[in-house]
Amino acid sequence: MHSLSPISTQQKLNRGKRFYIHCSANAFVVMIACYYCLVINIPFIHGSFSAITSLASFSWLFLFSVPLLLLCLLIIFFSIVSVRWLLKPLNYFLLVISSAVLYGTLNYGVVFDYSMIQNTFETDSSEALSYLNPQLIGFLLLFSALPVFVLSKIKIHFTRPHQEVLSRVKLVVACLALIVLVVTNFYADYAATGRNNRILKKEIIPFQYLSSGYKYMRDQLLYTDMEFKNIDAAPNLIAPNTGSVTVIVVGETARAENFAYQGYKRNTNFYTQKHGVTYFNNVASCGTATAVSVPCMFSLQTQTNFDRLEADSQQNLIDLAQHAGSDVLWVDNNSGCKDVCTRVVTIDIPTTKTTLCDGKYCFDEALLAPLKHKLANLTQANTVIVLHMMGSHGPTYFKRYPEQFKQFTPTCDRSDIQNCSFDELVNTYDNTIAYSDFVNAQVIEQLKTLPNNIDKQFLYVSDHGESLGEGGAYLHGFPYSFAPSTQTHVPLYMWADEHNQRITNTCLANLDTNAARSHNNIFHTLLNLIGINSKTYQASLDLLASCQTTPSEIQL
């Protein structure tokens, strides 16, 4: 019986070996690089091939040099980061993240640049879970769980440290030599293709999201202790004893193309039309994501020089209003104010299950109750109220409006919106626009209940737009320079009570609503709308500059 024991043990060892693939560290690096080149970077390869083959003439050698160049870059990257004890854990982690990024790129056309990374980190759990669907789970199982399982069955054989380093150096040098060869022969082709298709480099996985993630974490960890700056130490109210209520509604993901005011075929603005609002039809957003646009529109900075860290470390429009003597309230039904309301009274709409909330989200009608309470309990002459909508936030557009507001059918009642027809998706999105219009009309109705001796004014503007499948693009958050107009062309309209002494209906009706405007105008327009004297004011950026009763009242 004892003689059988060694044989039995050896058989077990042999059986165990059958379940493993044995390779060197360099072979492992090359294998991982090939997977990223041929599978994970499908969007980049497809985009590059499409850009090159669309040219009147091109070199086939240049075309096929693209995956070769990418493969060499990936081999160099994984050679550098694949330290012995971290080799497998690091690749497990990167595979999961890269697969999720690939899903977002393939299905929504999303590019994970700095602003998208920022938006991802500042997204709350409910919003993140809205993207979860069977297709995403299946995709991650196929493109991350399965490769991770395969990697777990690979036995990597490492040589002695100095030999391992030498072999890795040889591999990197070989790749560098190939890169030099490719670039030397096709530099002009790469330069021209890169200039004309700048979005391509933002699609390379994992380089783009790792670079953007590093910059975001660097900014958050190293540059968060900036000294707070007062851009105006002494703002004041033009008429501190005159009753005035200003309501600012920050819309979410509403694109101008789907507004009846913009000439859209459907009457998505049925509810506010009776109030005679003044609509501006050529307005550009500051960014393509909430994390950029909301801080930017309330900041003195403009779209071209906006810096979130700097904006967070200085007074914004809301701060100036409070400092000047306004009673300021921010009511939020979204994922937060992105640090704009940090220093003022804030109400976050609780998502506890009610007729307006499902435990994760609330319909925007939930904003009306705190608004009504505030209007019934005014404590200062000048009051400013900001309502931050959930609006048309995707991908679960069907959850943004009650059943009775399902006006356009059939709808896309799912989160994997790329699997709905274009008509279904547009119908659902249009329902969100119409519902937001209803809520805005209710806000104006509440303002109208205030006494005539109180000036009442209202401004609505969306933070950014949305893509609904046009050109294969969905949602928002694209790099601004590459973003389609559907993500940057936003609605903006204003209303003033007929009894207003300073901002009159007559003046609003005579404004130039066709000129090119942007979020750059919001800061200065609100200074005028609220009635604040500030040295930061620029009349050239004020949409209401001509509506000042006495232009000299506002100090330049």
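Cysteine 507 is buried (under 20% relative accessible area, against over 50% for exposed and in between for partly exposed, with a 1.4 Å probe and protein chains only), its relative accessible area being 13%. The model is predicted: local features need pLDDT of at least 70, side-chain atom pairs count only at pLDDT 80 or more, and totals for chains, interfaces and linings use all residues. Residues are numbered from 1 along each chain as its sequence is written, and side-chain values use heavy atoms, with hydrogens and water left out.

Five disulfides (pairs of cysteine sulfur atoms within 2.5 Å) were found in a search of the whole structure. With the bonded cysteines of the protein chain numbered in sequence order, the pairing reads 1-2, 3-4, 5-6, 7-8, 9-10.

Cysteine 37 takes part in no disulfide, and the nearest cysteine sulfur, that of cysteine 34, lies 7.0 Å away. Cysteine 37 is buried, with 4% relative accessibility. Cysteine 175 is also in no disulfide; the nearest cysteine sulfur belongs to cysteine 72, 4.5 Å away.

One of the disulfides joins cysteine 507 to cysteine 547, with an S to S distance of 1.9 Å. This pair links distant parts of the chain, 40 residues apart: cysteine 507 is in helix H18 (residues 505-509), and cysteine 547 is in the segment after strand S14 (532-533). Helices (H or I, at least four residues) and strands (E, at least two) are DSSP runs, numbered from the N terminus. The torsion about the S-S bond of cysteine 507 and cysteine 547 is about -105 degrees, so this disulfide is left-handed. In contrast, the link of cysteine 412 and cysteine 420 is right-handed, with 70 degrees about the S-S bond.
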